[in-house]
Amino acid sequence: MSEQDEKEHLAEFEARIARGEKVEPGDWMPEEYRHNLIRMIGQHAHSEIVGQLPEGKWIPFAPGFRRKLTLIAKVQDEAGHGQLLYRAAETLGATRQEMIEELLAGKAKYSNVFNYPTPTWADVGVIGWLVDTAAVVNQSMLAQGSYGPYARAMRRICYEEAFHIKQGYDAVVALAKGTPEQRAMAQDAVNRWWYPTLMMSGPPDKISEHTERAMRWRIKTKTNDQVRQEFVDLIVPQIRALGLDVPDAECAPDKATGHYQFTRPDWNELKRVVNGDGPCNAERIAARRKAHDDGRWVREALAAKSGQSTKTAPLLA
Amino acid sequence: MTDTQWETYEVFHQSKRGEAHEHVGSVHAPDAQVALQYARDQFARRLKCVSIWVVRTSDITATDYQDESFFSQSTDKSYRDPKTFGAPDHL
């Protein structure tokens, strides 16, 4: 393609986005747009897949049959979300196989938040409530994004996340209304998840590499700091309404702006955890590898039955 | 590792008899029967569903978004539109 053609295509592409139209598979798009989306959707997919693990661990120990069924359904949703997102990334030319290989090799990034341990039952409630609220704030923003298949996947996922938040909140309420020990357990979980959850929205705008262009092409429609603030404004009153504390003495409403002030998390910790050096990164990847190996016989049996093993996917979603 | 990239099937979902089958997404599967099971697990976990179709993605022939002329109407077709007539609404 000549430089002139490239310029015209780019102008057309940006005009389409400015009009609020979606980009669909097969449309011309700048390589950087494609590349950024594959990176982002891939990381998002991996986060859903790895995100099954911290809570999945509690399925055998859930208190009561109803909470056990609920947790199984929630973890199954995360697996489903991962598959939806891998499909969305595939419409841009990535393959599910190479994305999974990257994850299993420990080369792929995914959300920082799933690399922290879940030592108590309260963690399951607090993940559903805090972490999934932060996820929904982010994903509702992404549902407004310019790439059709990703935006469609986000709408479906947000619908299911509403259930995740409610079941988490319900579990925390039970503890908050319970014995002093149960209350302390809920508070301890809020204390441990607060900063990792604030980090989920990504590095602050002033050091985020991708924000400016991502906003212009509507890969994102709000910046990391905007998403983080929206989450804080939403969750702080909920935490306090349950009689629990936000583990930040600076956290107070700012009358001038109408938003809550809060202490920023340690960005070096975010960097370390995302780059593989969090408390549970090695454990998570090892668990994914084991799941992949343990499931191999099923894939092989299905492939043998149908007489086909590998074939690449055309672009549709 | 060459064991995960099965071909894809587009999934169409009917929420109740009388409604149209609606495209809801796609799944990887080794054959159409397994695709139906994956489609059920992926797209009918909660909402009511009475029928699912799966179609091999590669069997779908589609128009190209770039080829807008395919849909352009060269002459005025407004006479096909009920709103362009002066007849009363109750007709």
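In this predicted model, helix 6 (residues 121-142) of chain A and helix 10 (residues 224-241) of chain A have axes that come within 10 Å and cross at roughly 135°. An angle over 145 degrees would count as roughly antiparallel and one of 65 to 115 as roughly perpendicular; the two helices are therefore oblique to each other. The crossing of helix 6 of chain A past helix 10 of chain A is right-handed.

On the side of helix 6 of chain A, the contact is formed by Leu130(A), Thr133(A), Ala134(A), Val137(A), Asn138(A) and Met141(A). Helix 10 of chain A contributes Val227(A), Glu230(A), Phe231(A), Leu234(A) and Ile235(A). Sorted by class, this contact has 8 nonpolar, 2 polar and 1 charged residues.

| Property of chain A | Value |
|---|---|
| Box filled by C-alpha atoms, along the principal axes | roughly 70 × 60 × 30 Å |
| Buried residues, of 317 | 42% |

Among contacts in chain A between residues at least 6 apart in sequence, 75% join residues at least 24 apart.

In chain B, Gln33(B) is part of helix 1 (residues 32-43). Gln33(B) has 12 other C-beta atoms within 10 Å, and is exposed, because the cut-off for exposed is 12 or fewer. From Gln33(B) to Gln66(B) the separation is 33 residues in sequence and 34 Å in space, C-alpha to C-alpha.

Conventions: Residues numbered from 1 in each chain as written. Chains lettered and ligands numbered in written order. Predicted model: local features only at pLDDT ≥ 70, side-chain atom pairs only at ≥ 80, totals over all residues. Buried ≥ 20, exposed ≤ 12 C-beta atoms within 10 Å, placed from the backbone. Contact = placed C-beta atoms within 7 Å. Helix = DSSP H or I, 4+ residues; strand = E, 2+ residues; numbered from the N terminus. Axes fitted to C-alpha atoms, helices over the stretch in contact; angles between N-to-C directions. Parallel < 35°, antiparallel > 145°, perpendicular 65-115°, else oblique. Left-handed = near helix turned anticlockwise from the far one by under 90°. Nonpolar A, V, L, I, M, F, W, Y, C, P; charged D, E, K, R; others polar.
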